Amino acid sequence: MGKTYVCSDIHAHADVLQEVLSMMAADDRLYMIGDAVDKGPDGMEALKMLIADPRCEMLLGNHDLMMMQNYECEMHRDEVSILKRDDIFFRWQILNFGNHTWDALMQESDEEQERLMSYLKSRPLLKLLEVNGRKFCLVHAAIPADYPLDDLHDLYLDTIADEKYPFLFNWKSDFVWGRYVTKLPGYTVIVGHTPAQYRGDEYILQDGDDWYDIDCGLAYNEDSSKLALLCLDDMELRYIPIGKKAAFSDRR
Ligand SMILES: [Mn+2]
């Protein structure tokens, strides 16, 4: 029986992901808890690696959702209001430098674009699992404060469906944007999304032994940026340093 690893916020650093995959045994598992794309140099490559490797399971992050939302808006241009389209375009492509990711996605064939988006649509927002008798809740950012915690189970995009546009979803959901500690009784909650560097730190943040933020800032493309790899079998942490940096930076 292999080991179960968790990492977050690869943010287009395909070389760092490759390093993690090469360290893992054939029967290990890796949960990447969101944000495969944006900020770093090779977003499409990182996403394709996660899809291709059967040891990997990816959850959705806000950047993955922004890309999907932008794609869906383009595919349904005539059906979506210009305000809605502009909202996502501005938030993603202007404020979050998603224009680099969009350009890379548009370099792919129509079939490949559809394959990548279909994969993302099938990904969970929240995943519960048990390792060595310990229960874990994986989510990109937070469990929304108003979400009923009794009978919590693996959650998918239908949880945040948009009532007006059935092919869209609420991409501003706290599942992928929340920056607050959420605890789930009986579980160890593991999130990413808020980089250690955002707090002026470099390493993972813990709140007791039942909440971990493991994002160590690959998004920032800085010397201190690294990936935290957490083994759920023994809670051992490893840090993998940043490799290739993006040619642009959006540290503001
Ligand atoms: Mn994020």
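## A tour of salt bridges and ring contacts

Select E108, which counts as buried at 18% relative accessibility; buried denotes a relative accessible area under 20%, exposed over 50%, and partly exposed the range in between, with a 1.4 Å probe and protein chains only. The structure is a predicted model, in which local features need pLDDT of at least 70 and side-chain atom pairs count only at pLDDT 80 or more, while totals for chains, interfaces and linings use all residues. Residues are numbered from 1 along each chain as its sequence is written, and side-chain values use heavy atoms, with hydrogens and water left out.

**Salt bridges**

Helices (H or I, at least four residues) and strands (E, at least two) are DSSP runs, numbered from the N terminus.

Next, select K183 and D210. Their salt bridge has its closest N and O atoms 2.6 Å apart. Distant parts of the chain are again linked, 27 residues apart, with K183 in the loop between α7 and β6 and D210 in the loop between β7 and β8 (211-213). K183 is partly exposed at 34%, and D210 is also partly exposed, at 26%.

The count for the structure comes to 18 salt bridges. Another of them can be displayed by selecting E57 and R29, where the closest N and O atoms are 3.6 Å apart. E57 is in strand β3 (residues 56-58) and R29 in strand β2 (residues 29-32), so this contact ties together parts 28 residues apart in sequence. E57 is buried, with a relative accessible area of 13%, whereas R29 is partly exposed at 29%. Now extend the selection to R123, K127 and D154, which are linked with R29 and E57 in a network of salt bridges.

**Aromatic pairs**

Turn to the rings. A search of the whole structure finds four aromatic pairs. Rings of Phe, Tyr and Trp (its six-membered ring) pair if their centres lie within 6.5 Å; planes under 30 degrees apart count as stacked, over 60 as edge-to-face and the rest as tilted.

Select Y147 and F175, an edge-to-face pair at 5.5 Å centre to centre with 70° between the planes. Y147 lies in the loop between β5 (134-139) and α7 (174-177), and F175 in helix α7, 28 residues apart. Y147 is partly exposed at 22%, but F175 is buried at 2%.

Move to Y203 and Y239, which are also edge-to-face: 5.2 Å separate the centres, and the planes are 75° apart. Y203 sits in the loop between β6 (188-191) and β7 (205-206) and Y239 in strand β10 (residues 237-241), so the pair ties together parts 36 residues apart in sequence. Y203 is partly exposed at 40%, as is Y239 at 31%.

**Charges over rings**

Finally, select R179 and Y198: R179 lies over the face of Y198, 4.9 Å from the ring centre.

Methods
Lys NZ or Arg CZ within 6 Å of the ring centre and 35° of its normal. Salt bridge = Lys/Arg side-chain N within 4 Å of Asp/Glu carboxyl O.
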